[in-house]
Structure formats: structure tokens, C-alpha cells
2 protein chains.
Amino acid sequence: MTGMDDKVRLADKLGLLDGPYRPGLVGYLNDYKLLVVRVHGEFVWHRHEDTDDFFLCLEGEVTIQLRDRNVVLAPGELFVVPRGVEHCPKADEPAHVLLIEPRDTVNTGDADSDLTAEPRPL
Amino acid sequence: MTGMDDKVRLADKLGLLDGPYRPGLVGYLNDYKLLVVRVHGEFVWHRHEDTDDFFLCLEGEVTIQLRDRNVVLAPGELFVVPRGVEHCPKADEPAHVLLIEPRDTVNTGDADSDLTAEPRPL
């Protein structure tokens, strides 16, 4: 991972990701982690009981499915999923987001899923 | 301000800013505020003793001056100023950043400055 003393060029990190929904760690803000994630296909429905979840679309088009509606994000658009709200990201074509959440947040929240993954420092 | 239930299109917010270094509030992430700021000219040297400071360049070119070097950010590049580290943003031409910091953070940190400003909801 780039040292915390350095700037991060987000576009350079996206190609280093292992695959869809395999988060890459690019830095920290206090006790929050800064992640880049490739979104492709559907993730898993989950919620985070203790934290909001910050999404900023970097590339492509990402749909944050909520139980009552969809929030569609294009590059430069952000959405904060409120704590406790069930959501499920998806994208028909590969897309990328910047995700910010507390360091101890599990990517799949309360869901029992094979997609649970620790972020890999990029 | 856009409700917390809505996505935020950052580009739409930049034209609503009052002027350089007049932060606009676009949302929250837990106890953090999400701000957009126009950077033009030089800000004021300051530090935040209790928090890191997240900058993501959205438009233009922003220089984060540190005492020992400059960090120059182009769009899509982010930098986290570590807590306690003196810094002073500047830009020769108008530029815009997304700033994320705890809700109680004062924009000018420890500096006694006319540039101290509360964020305005956009």
C-alpha cells in the first residue's frame, strides 16, 4: 500500500484489484478505512447495524439496491447508506467505488456469505 | 441540503458555493461531515490536533502545502493530512475538493483567522 504520507491516485489502484467485491485498502482516515472496490454482478443483501456506509462512484454505473428503491450512481455521485438499512450493490458492467467505513466493519455486514473478505492493501 | 436519503451529485454542488474556502455541507457519515470546498489563493497554515483531514480533488489542481514539501492533487487524487501536521491548501486557479472530517472540526484548526467558517448546507 502507498504510505500514509503519499497521495493516492485512485485510478491507479483500480487495476490492482483481485476481482469483483474484493476490497482494496488505499488508506485510513482516523479509525476509518478507505477502500476501492470493483462492483460487477450482484453483491449480497446485508446491513451494518453500527455504521453508515459511504459510496462514491469512481467509474461505471453502480446500483445500490435498497428494499424500497434503487439508487443509481454515476461517477462523481455519492450516497451514504444509513446504518441499519439493508442494501445490496450491483452493476451489470464492471464499475468502481470508493468506500469509507470504520476499520472494524465487515464488508458483508450481518450476512452469512462467501463474499466476506478482508481488504487487501494496494 | 439534499436529504440524507438522496444521492449527491458533487458537480452540481460546486457552483452553489459562496466563494473560496467557504465550505458547503453535502452530507454526513456517522459523526463526520462531508464538505465541498472551493480552493483559490492560499488558505491559512493550521493543524488539527485531534483528527486526520481527508482531501479528494474533484476539479482543478490543489496544492496541500506541508512544512517540508508540497502535495499536488489532480482530480481523482486523495491525500489524508495526518493529525497534528501543519498544512495550508492553495490553488492558483479555482479548484474544488471533497473534504471529510469530524463534525466538530473547525476549518482553520488552531489558527486565529478570518477564514474560520461554518459549513453552509447546500
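Tutor: Start with one residue: A:Glu77 lies in strand S7 of chain A. Strands here are DSSP runs of E with at least two residues, and helices are runs of H or I with at least four, both numbered from the N terminus. This is a predicted model, in which local features need pLDDT of at least 70 and side-chain atom pairs count only at pLDDT 80 or more, while totals for chains, interfaces and linings use all residues. Residues are numbered from 1 along each chain as its sequence is written, chains are lettered from A and ligands numbered from 1 in the order in which they are written, and side-chain values use heavy atoms, with hydrogens and water left out.

Student: Is A:Glu77 buried or exposed?

Tutor: Buried means under 20% relative accessible area, exposed over 50%, and partly exposed in between, with a 1.4 Å probe and protein chains only. A:Glu77 counts as buried because its relative accessible area is 7%.

Student: Which residues does A:Glu77 touch?

Tutor: Contact means heavy atoms within 4.5 Å. Not counting residues up to four places away in sequence, A:Glu77 touches A:Phe55, A:Leu56, A:Cys57 and A:Val72, and from chain B, B:Lys7, B:Val8 and B:Arg9. Its side chain also reaches the backbone nitrogen of A:Ala74 at 2.9 Å.

Student: Which residue is the bridge partner of A:Glu77 in S1(B)?

Tutor: Two strands pair if DSSP finds at least two bridges between them. S7 of chain A (residues 77-81) and S1(B) pair in the antiparallel sense over two bridges, and the partner of A:Glu77 there is B:Arg9.

Student: What area do chain B and chain A bury between them?

Tutor: The size of an interface is often given as the accessible area lost when the parts come together. Buried area is that loss, found with a 1.4 Å probe and summed over both parts. For chain B and chain A the value is about 2600 Å², 58% of it on carbon and sulfur atoms. In terms of contacts, 31 residues of chain B meet 31 residues of chain A.

Student: How many salt bridges does the rule find across the interface of chain B and chain A?

Tutor: A salt bridge is a side-chain nitrogen of Lys or Arg within 4 Å of a carboxyl oxygen of Asp or Glu. The rule finds four across this interface of chain B and chain A. The side chains of A:Lys7 and B:Glu77 meet in a salt bridge, at 2.9 Å from N to O. On the side of chain B that touches chain A, S7(B) gives the most, with four residues.

Student: Now a strand: how are the faces of S5(A) to be read?

Tutor: In a regular strand the side chains alternate between the two faces of the sheet. In S5(A), A:Val62, A:Ile64 and A:Leu66 lie on one side and A:Thr63 and A:Gln65 on the other, and all are buried. The strand covers residues 62-66.

Student: Which strands pair with S5(A)?

Tutor: Four bridges join S5(A) to S6 of chain A (residues 70-73), and the two run antiparallel. A hairpin connects S5(A) to S6(A) through three residues. S5(A) also pairs with S8 of chain A (residues 87-102), in the antiparallel sense over four bridges. A:Ile64 has A:Val71 as its bridge partner in S6(A) and A:Pro89 in S8(A).

Key. Buried area is the accessible area (1.4 Å probe) that two parts lose on being put together, summed over both. A polar contact is a pair of N or O atoms within 3.5 Å; within protein, one must be able to donate a hydrogen and the other to accept it, and residues adjacent in sequence count only if both atoms are side-chain atoms.
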